[in-house]
Amino acid sequence: MSAAGIYVHVPFCLTRCGYCDFNAYAGLDHLRPHYARALIAEAEAAAPDWAGEEMVSIFLGGGTPTTLDPLDLTGVLAHLRDRFEVVEDAEATIEANPDTVDREKLEALLAAGFDRLSMGAQSFDRAVLASLERIHSPDSVRTAFKAAREAGYQNVSLDLIYGADGESLESWERTVREAVALALEHVSAYALTIEPATPLGRKIAAGLVPPPDPDLQADMFALACDLFRDAGYRHYEVSNWAKPGYECLHNMGYWERRPYLGLGAGAHSYRDDHRWWNVRPPEEYMTLVGAGRRPTGGEEHLGPSDAFLEEVFLRLRTLEGIPASWVEPERAEPHLQGGLLSEAGGTLVPTERGMLLLNELVLSLTSASTPPVGLLNM
Ligand code: SF4
């Protein structure tokens, strides 16, 4: 048994943010109740394959899972606990958009067993939220966070994004300081990346909006590292900080290459160097599941060298690092000297500057010419 996880993808959103390239859709409200039933049917069909696998985490992500009715969310979680070997104290996370929750809904979700809440805040600057085409305001984040505490949530994470058009270092500092002032248990802060097939990517390609400035984003990363460290957060992964003991167990599973089952439209699964994924369009997913078929859209088997490279990439994202014996000493030495790596007890760990330059660092440590497909945007 190997401490596996279950990821459930809910692809519905109130609106679509201009930078988003997730498998997420606005305007499919009519599918929501049927979608919950499809998730349960897919889980039912997958359960025998995962018999004997101890599940230590469940993560409902999206999209915006809290667009579903709380009763449907409760039903999905109860079904997973019933059909899989979910450990008693499993971490159960639900992602939320601040505009889709209130105290009553959060109380219902906590009572159902979702003990960890991850909210998409992105910024406390109204202009930055507008630039990202987020529909919520800074005040709705504050209100939703207060409601979460009043509902009894003791494990709350906020997602932040830095580097949007018009965001200054000062604005980012105010956002980080407000996040710190909330005394969150966990924060994820991501550099805005531009995907060409998104509305924002097209605006940038047309010269209507400037692309993110990498030097400014590097300064923003360094500032976040300093402020979160000073506030007692542990920078346990490139984009994630936690108070001690509040690291996200589910996401750690991805970086540690533990097995996970993905349920829902476009969800990915992984076990024993085998990765497979579901079809992305929600209607197609529901049709396949409704017909009693597996909704698999593709798969890949990793050979030994790809699996090794993936492990190096993923472990170097975290403070876990890699055994020094995995790389030739002459490849590591320049980075130890240059301050991208540190070594303790035979383990190489990236410094914060090394985390910032992770792709270049890993390529230089290994003989790979490009990172493994699918790892660049995790
Ligand atoms: S709320 Fe999240 S998943 Fe939905 S469109 Fe915006 S960024 Fe994408």
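Select domain 1 and domain 2 together: 12 residues of domain 1 are in contact with 10 residues of domain 2, contact meaning heavy atoms within 4.5 Å. This is a predicted model, in which local features need pLDDT of at least 70 and side-chain atom pairs count only at pLDDT 80 or more, while totals for chains, interfaces and linings use all residues. Residues are numbered from 1 along each chain as its sequence is written, and side-chain values use heavy atoms, with hydrogens and water left out.

To make the selection, take 4–254 for domain 1 and 303–378 for domain 2; the bounds come from an automatic or database domain assignment. The domain centres, taken over C-alpha atoms, are 27 Å apart.

**The interface**

The area buried between domain 1 and domain 2 is about 1,000 Å². Buried area here is the accessible area (1.4 Å probe) that two parts lose on being put together, summed over both. Carbon and sulfur atoms give 59% of that buried area.

Next, show the side chains of R317 and E237, which meet in a salt bridge at 2.5 Å, N to O. The rule for a salt bridge is a side-chain nitrogen of Lys or Arg within 4 Å of a carboxyl oxygen of Asp or Glu. Between domain 1 and domain 2 the count is two salt bridges.

Now colour α8 (214–230) and β7 (234–237): each supplies at least two residues of the side of domain 1 that touches domain 2. Helices (H or I, at least four residues) and strands (E, at least two) are DSSP runs, numbered from the N terminus. By class, that side of domain 1 has six nonpolar, two polar and four charged residues. Ala, Val, Leu, Ile, Met, Phe, Trp, Tyr, Cys and Pro count as nonpolar, Asp, Glu, Lys and Arg as charged, and the others, Gly among them, as polar.

**The ligand**

The ligand is surrounded by C13, T15, R16, C17, Y19, C20, F22, A24, G63, T64 and R134. This shell has six nonpolar, three polar and two charged residues.

**Two backbone details**

Stay on G63, in the loop between β2 (54–62) and α2 (70–83). The peptide bond from G62 to G63 is cis, with omega near 20 degrees.

Finish at E133, in the loop between α4 (126–131) and α5 (138–151). Phi of E133 is positive, near 60 degrees. Most residues other than glycine have a negative phi, and most peptide bonds are trans.

Technical notes. Near = heavy atom within 4 Å.
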